[in-house]
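Colleague: I am new to this structure. Could you walk me through how to read a few of its features?

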Amino acid sequence: MQISGAQMVIEALIAEGVETVFGYPGGAIMNVYDEIYKQDKFKHILTRHEQAAVHAAEGYAKVSGKVGVAMITSGPGFTNAVTGLADAYMDSIPLVVISGQVPMSLIGTDAFQEIDAVGISRSCTKHNYLVTDAAELPRILKEAFYIASSGRPGPVHVDIPKDVTAQIANFDYSIELGLETYKPHTKGNPRQIKKAMEAISKAKRPLFYLGGGIINSNAAYDVRELVHATGIPAVETFMARGTLSHDDEYLISMLGMHGSYAANMAMSETDLVIGLGARFDDRVTGKISEFAKNAKVIHVDIDPASISKLVNADYPIVGDVKNVVQEMLKLSSNINPVKYASWRKTINNFDTLHPLTYHEDTKRIKPQWVIERVGKLLGDDANISTDVGQHQMWAAQFYPFSRPRQFISSGGLGTMGFGFPAAIGVKAAAPDKVSINFTGDGSILMNCQELMTAVEKKLPVINIILNNNYLGMVRQWQSLFYEKRHSETDLSVQPDFVKLAEAFGGIGYRVETKDEFDAALKDALEKNIVAFIDVVVERLENVMPMVPSGGSLFNMMLLEKKEKK
Amino acid sequence: MEKSERRVISVIVVNEASVLSRITDLFSGRGYNITSLTVAPIPDSKYSRLTIVTSGSIRVIEQITKQLHKLIPVLRVYEHADLVEKEMALIKFPASEDITDIATLCAAYNGKIVNVAENVIIVMVADEPKRVDNFLKIINKYNPKEIVRSGAVALER
């Protein structure tokens, strides 16, 4: 059919099964917004900032497993969205972000709201397009969705000049995709898999190293089967939280800079690392030359460039982790889980020696208690988003995650301001679950305007602000490594968060005791509107254990031991 | 530090807008070196061939080839071990220099005089990059006014 470029965008989104689009209109994208106005096949959620639109699309994508879609205008609309693109790129989140551009005739003339958008997004997207002819739009949009969601997922940016959205051309979405230069390798090499399984059967102290790729490939339940079939203990990266249930006997904990003592020691003592969809990030490995020094490495990843990038893989397997794990499972019958009982006991002893815990030794509420308390009260019923900083690490350490796609956080880029808009996207995708955003008094101000979106669209996100009047994580580093020179991290001057929430039509609570916290959470759940629960927590609490930047994983700063009162 | 080696990488890419930026952005963004880069369309196809001369440790070279391959419009990446490599150079001399000497030297490096004007002559040579280096060293005494090198092109044997 002969339709305009703007109508093509709508038709393509409908054909892709898109139900929700996050966005913010403006001059160059107006033709498309005019068509959005005329249709009722998908919802549009107007955020109050373009960055928030992309983060909301990320939250939506992470919880639903579908491609998140955001729409923005040219110039500042696009540059505001760049942080979201970069965030999605680092965490391999499938997105299609559509931006308006000035008309073709004005490109290159420094026109109003013109910026070289594809030039900027090139280094922070999986792929991008500048559409120069409406006839190309069906193919480009179809490719964009395919590229975003296949292989190692990631954001794809499509920049459409205003005159192209007005052009009339033929729309046929049933076209076959060519893409002969893009063929993700999803099936693992059977011989390599067999060799890896032989290595596992010979290992004395093997260890599963579970990464976020498992969540992306919907392989968590296959991984659970493999772990249980082999009896091999497992550590999770930050991005993999929820792969194994918190109460799984084979799960040690998270590893890395703020991983548990047992998890980091297990990684340091293992003789075979079985890496599944993990990328040996510096926050995981610490000093790379000391990382799992005596171990052979099996590395399963869909991205060949991730294999042997930082740590040499003895058994590289390129493939979709779900396929590979299913193949591994078929070959796992000769592995006797009992064999690793003493290795598991060693790890349990590490955990007994320095468990992941905290001391309740102050009058003020400990931030970790808040996380544990929400975990106890809501557990599986909540999806958990976070911002970035201390609260984020405590959430990863202390929340009892029980399923994949329950934990939504900015891992690779570490984007403050991610949590609230992401939690809005989470709520839009999973309305039956409570959407909690653990945040800090620093992070929440970076996208607090989203209160308006949450009120307008009735997306009752509960923001729990762990308020220590500090930019806490930077303050922690200053305390530990900069002789307590707390340069520009004291946030004693701050808004009245209760009034702030109320000003937008949400609800706010200021909480100083545990009872008040329980009451506030109960009330927020009952009122079912967007909430700020501002929790006054101990100011100088540190996230422990901690591997100092560049240090070896086994050299952790640990929680001081105290006698139980 | 791991030992850094010179390497020639050929990349076959779809001939489309901004594909060259994707390649060069990858090198600058990840801190890889480009010693030289040539690009031209492959006849009767929708592809172009790039020849990139780079340097780095084995691990870096492996990353370069993998990261290049990850770019969507990249069809193939060859990291050459056994190859025929050629580079061209154009050199402008004052006409007052000893033209016979220069012409003889050019011939030894697969070259010749390609243009003669009132005040200057232009010569070309085409040879292995190392030999071109050598040629340029030798002709220095004839006071070359300008030198242009093409960058290397290569084919696997």
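Predicted model: local features only at pLDDT ≥ 70, side-chain atom pairs only at ≥ 80, totals over all residues.

Colleague: How are two packed helices described?

Modeller: By the angle between their axes and the distance between the axes. Take α15 (residues 367–378) and α16 (residues 390–398) of chain A. Their axes come within 9 Å and cross at roughly 45°. That angle makes α15(A) oblique to α16(A). The crossing is right-handed.

Colleague: Which residues make the contact?

Modeller: α15(A) supplies A:P367, A:Q368, A:I371 and A:E372. α16(A) supplies A:H391, A:W394, A:A395 and A:F398. Five of these residues are nonpolar, two polar and one charged.

Colleague: Now the strand. Is β12 of chain A largely enclosed or open?

Modeller: Strand β12(A) covers residues 272–276. Five of its five residues are buried, so the rest of the structure largely encloses the strand. Look at each face. A:L272, A:I274 and A:L276 are buried on one side, A:V273 and A:G275 on the other.

Colleague: Which strands pair with β12(A)?

Modeller: Strand β9(A), residues 206–210, pairs with β12(A) in the parallel sense over five bridges. There, A:P206 stands opposite A:L272. Strand β13(A), residues 296–301, also pairs with β12(A) in the parallel sense, over five bridges. Here A:G275 stands opposite A:H299.

Colleague: Last, A:F504. Where is A:F504 found?

Modeller: In the loop between α20 (497–503) and β19 (507–511) of chain A. A:F504 counts as partly exposed because its relative accessibility is 23%. Beyond its neighbours within four places in sequence, A:F504 is in contact with A:C448, A:Q449, A:L451, A:M452 and A:V455.

Terms used: Residues numbered from 1 in each chain as written. Chains lettered and ligands numbered in written order. Heavy atoms only, no water. Axes fitted to C-alpha atoms, helices over the stretch in contact; angles between N-to-C directions. Helix = DSSP H or I, 4+ residues; strand = E, 2+ residues; numbered from the N terminus. Parallel < 35°, antiparallel > 145°, perpendicular 65-115°, else oblique. Left-handed = near helix turned anticlockwise from the far one by under 90°. Contact = heavy atoms within 4.5 Å. Nonpolar A, V, L, I, M, F, W, Y, C, P; charged D, E, K, R; others polar. Buried < 20%, exposed > 50% of the residue type's maximum accessible area, 1.4 Å probe, protein only. Pairing = 2+ DSSP bridges.
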